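Here is a short report on one structure. Headings mark the topics.

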Amino acid sequence: MGVSVGVLDHFNIRTRNLADTVRFYEDILGLEKGARPNFAFPGAWMYSEGKAVVHLVDISRTEEPQKPDSGVVHHVAFASYGFDGMKRRLEAKGMAYDSRQVPGGDLWQIFVNDPNGVMIELNYEAAKETAAAPAERRDDVGAR
């Protein structure tokens, strides 16, 4: 099986104003608030045509400051394939990364930062992968 970064999957915003942010994406852009895995932190997922394209994390109960302008965009994610191959590639290049399984087990992830500090999230459908499953984790990857 080959390796591909794939296509853009979603983007994530960390906000101190969850209700207003949900309202904007629903009322202004026409997205729908929908199902979200049982993460250990509050938030919302906004759907377009049945796909969760905007993930919102509520940071109002934390000490994390609200970032201005594009600073609220936390990471960029891609629907990918070749989980094991990507891990080998990152290791061969000496790149630090974090891999995990989303609660429920259907999705595996690799997080890696680009040279500018932009967090890249690579998402893999577990059913399409042949590698051993990474550990399931409920912590917030954004806290690092």
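Which residue in β8 is the bridge partner of Ile110? Leu122 in β8 takes that place.

## Basis of the model

This is a predicted model, in which local features need pLDDT of at least 70, side-chain atom pairs count only at pLDDT 80 or more, and totals for chains, interfaces and linings use all residues. Residues are numbered from 1 along each chain as its sequence is written, and side-chain values use heavy atoms, with hydrogens and water left out.

Seven bridges join β7 to β8, and the two strands run antiparallel. Strands pair here if DSSP finds at least two bridges between them. The elements themselves are DSSP runs, numbered from the N terminus: helices are H or I with at least four residues, strands are E with at least two. Strand β8 covers residues 119-125, and β7 covers 107-113. β7 is mostly covered, with five of its seven residues buried. Buried means under 20% relative accessible area, exposed means over 50%, and partly exposed lies in between (1.4 Å probe, protein chains only).

On its other pairing, β7 meets β6 through four bridges, again antiparallel. Arg100 has Gln109 in β7 as its bridge partner. β6 and β7 form a hairpin with five residues between them. Gly104 sits in the turn and has a positive phi of about 110°.

Asp98 belongs to strand β6, residues 98-101. Its relative accessibility is 13%, so Asp98 counts as buried. The Asp98 side chain makes a polar contact of 2.6 Å with the side chain of Arg100. Such a contact is a pair of N or O atoms within 3.5 Å; within protein, one must be able to donate a hydrogen and the other to accept it, and residues adjacent in sequence count only if both atoms are side-chain atoms.

Glu125 is found in strand β8. At 45% relative accessibility, Glu125 is partly exposed. Glu125 and Val54 are 71 residues apart in sequence. Their C-alpha atoms are 18 Å apart in space.

## Pairings of β1

Strand β1 (residues 4-15) pairs with β5 (residues 73-81) through five bridges, and the two run antiparallel. Val7 stands opposite Ala79 in β5. Five bridges also join β1 to β4 (residues 51-58), but this pair runs parallel. Thr15 stands opposite Asp58 in β4.

## Aromatic pairs

How many aromatic pairs does a search of the whole structure find? The search finds six. The rings of Phe24 and Tyr25 have centres 5.1 Å apart and planes at 90°, so the pair is edge-to-face. Rings of Phe, Tyr and Trp (its six-membered ring) pair if their centres lie within 6.5 Å; planes under 30 degrees apart count as stacked, over 60 as edge-to-face and the rest as tilted. Phe24 is partly exposed at 37% relative accessible area. Tyr25 is buried at 10%.

Phe83 and Tyr124 are also edge-to-face: 5.2 Å centre to centre, 80° between the planes. Phe83 is buried at 0% relative accessibility. Tyr124 is buried too, at 0%. Elsewhere, ring pairs link Phe11, Phe24 and Tyr25 into a cluster.

## Pocket and cavity

The largest pocket has a volume of about 670 Å³. Of its 41 lining residues, the closest to the centre are Trp45, Val102, Leu107, Gln109 and Asn123. β1, β3 (43-48), β4, β5, β6, β7 and β8 each supply at least two lining residues. By class, the lining has 16 nonpolar, twelve polar and 13 charged residues. Ala, Val, Leu, Ile, Met, Phe, Trp, Tyr, Cys and Pro count as nonpolar, Asp, Glu, Lys and Arg as charged, and the others, Gly among them, as polar.

The structure holds one cavity of 30 Å³ or more. About 30 Å³ of space lies in the largest cavity. Its lining includes Arg14, Ile59, Glu64 and His74. The lining divides into three nonpolar, three polar and three charged residues. On a 1 Å grid over the protein atoms alone, a cavity is a set of points where a 1.4 Å probe fits but cannot get out, and a pocket is an open set with protein on both sides within 12 Å along at least five of seven lines; lining residues have an atom within 4 Å of a point. Grid points are joined across faces, edges and corners, and a volume is the space filled by probe spheres set on the points.
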